Amino acid sequence: QAIAGVVHMDAATCEVVCDHEQEVNAYEVKLDHEITSVISRRQPAARDLRLLMAISRITSNLERAGDEAHRMARMVKLILESGRQSTLPVNELRQASEMASNLLRRSLDAFARQDAQLAAVIIKEDDDLDAEYNSFMRVLVTYIMEDPRAISPSINLLFLAKAIERVGDHAKNIAESTIYVVQGEDVRHQSHANVDDVVKGL
């Protein structure tokens, strides 16, 4: 919904995102409680414990992704209120926003199917989103230099772009948790080559 709000610069859609953000927070608290309860009652070992730990990490990342969606919605509303949405380089964000949405959806699919190979692909593709974000930053800096009066709404657009990039980071984190469950190896902060080796069981 937040991505749709960005793509279409739609205030009504963004309002819905803001209304639902607290529900995501409530789900995180509920899931944390249930995970703690399962650990204390059943004392799981090995893969079951890894699964519970991964679910806890993923829940946290989804809650933070919800925070980013809320931030995106607020920034869209501020841009619309500025009346400059037609002159800002908003269209440059569409590809990045769709990439972020796609990464998040596929990371959850990889976890549901326990697909470590897909998870490894998602980790690499987050680099593409980072590159798209950096490219947009160059466009935005050029735009501000050409029209200094647009600094305030441009700052909102900057925060919006960063929120989109952060959604990709959370998708990457979810993918790393999937590999942790499947392979029993923590691949956070490792190179793509090392991640590939882990997935291949080397």
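1. Start with T59, which is buried at a relative accessible area of 7%; buried here means under 20% relative accessible area, exposed means over 50% and partly exposed is in between, using a 1.4 Å probe and protein chains only. T59 is found in helix 3; helices are DSSP runs of H or I with at least four residues, strands are E runs of at least two, and both are numbered from the N terminus. Leaving out residues up to four places away in sequence, T59 touches E28 and L31, where contact means heavy atoms within 4.5 Å.

2. A word on what we are looking at: this is a predicted model, in which local features need pLDDT of at least 70 and side-chain atom pairs count only at pLDDT 80 or more, while totals for chains, interfaces and linings use all residues. Residues are numbered from 1 along each chain as its sequence is written, and side-chain values use heavy atoms, with hydrogens and water left out.

3. On to the core. The largest nonpolar core has 55 residues, and M72, L157, L160 and I179 have the most contacts inside it. A nonpolar core is a set of buried Ala, Val, Leu, Ile, Met, Phe, Trp, Tyr and Cys residues joined through side-chain atoms within 4.5 Å. At least two residues of this core come from each of helix 1 (2-8), helix 2 (11-42), helix 3 (46-82), helix 4 (94-112), helix 5 (116-146), helix 6 (151-183) and helix 7 (192-200).

4. Not counting residues up to four places away in sequence, its contacts are A116, A119, A120, I123, G184, E185, V187, V195, V198 and V199.

5. Which residues of helix 4 are buried? They are A96, S97, A100, L103, L104, R106, S107, A110 and F111. An α-helix has 3.6 residues a turn, so residues three or four places apart point the same way. The cover over the buried residues of helix 4 includes helix 1, helix 3, helix 5 and helix 6. I also checked the length: at 1.5 Å a residue, the 19 residues of helix 4 should span 27 Å, and its end C-alpha atoms are 27 Å apart, which agrees. The expected span is 1.5 Å times one less than the number of residues.

6. Two backbone spots deserve a look. Q114, which follows helix 4, has a positive phi near 50° in a residue other than glycine. Q114 sits in the loop between helix 4 and helix 5 and counts as partly exposed at 23% relative accessibility. M9 is not a glycine either, yet has a positive phi of about 50°. M9 lies in the loop between helix 1 and helix 2 and, at 15% relative accessibility, counts as buried.

7. How many salt bridges does the structure hold? The count is 12, with a salt bridge being a side-chain nitrogen of Lys or Arg within 4 Å of a carboxyl oxygen of Asp or Glu. One of them joins K77 and E15, with the closest N and O atoms 2.9 Å apart. That pair links distant parts of the chain, K77 in helix 3 and E15 in helix 2, 62 residues apart. K77 counts as partly exposed at 21% relative accessibility, and E15 counts as partly exposed at 37%.

8. D147 and R84 form another salt bridge, their closest N and O atoms being 2.6 Å apart. This pair also links distant parts of the chain: D147 is in the loop between helix 5 and helix 6, R84 is in the loop between helix 3 and helix 4, and 63 residues separate them. D147 is buried, with a relative accessible area of 12%.

9. R113 and D115 meet through their side chains in a salt bridge at 3.4 Å, N to O. R113 counts as partly exposed at 49% relative accessibility.

10. R57, D186 and R188 are linked in a network of salt bridges. The charged end of R57 also sits over the ring of Y180, 4.7 Å from its centre; the rule asks for NZ of Lys or CZ of Arg within 6 Å of the ring centre and within 35 degrees of the ring normal.

11. Last, C18. C18 is found in helix 2 and is buried, with a relative accessible area of 16%.
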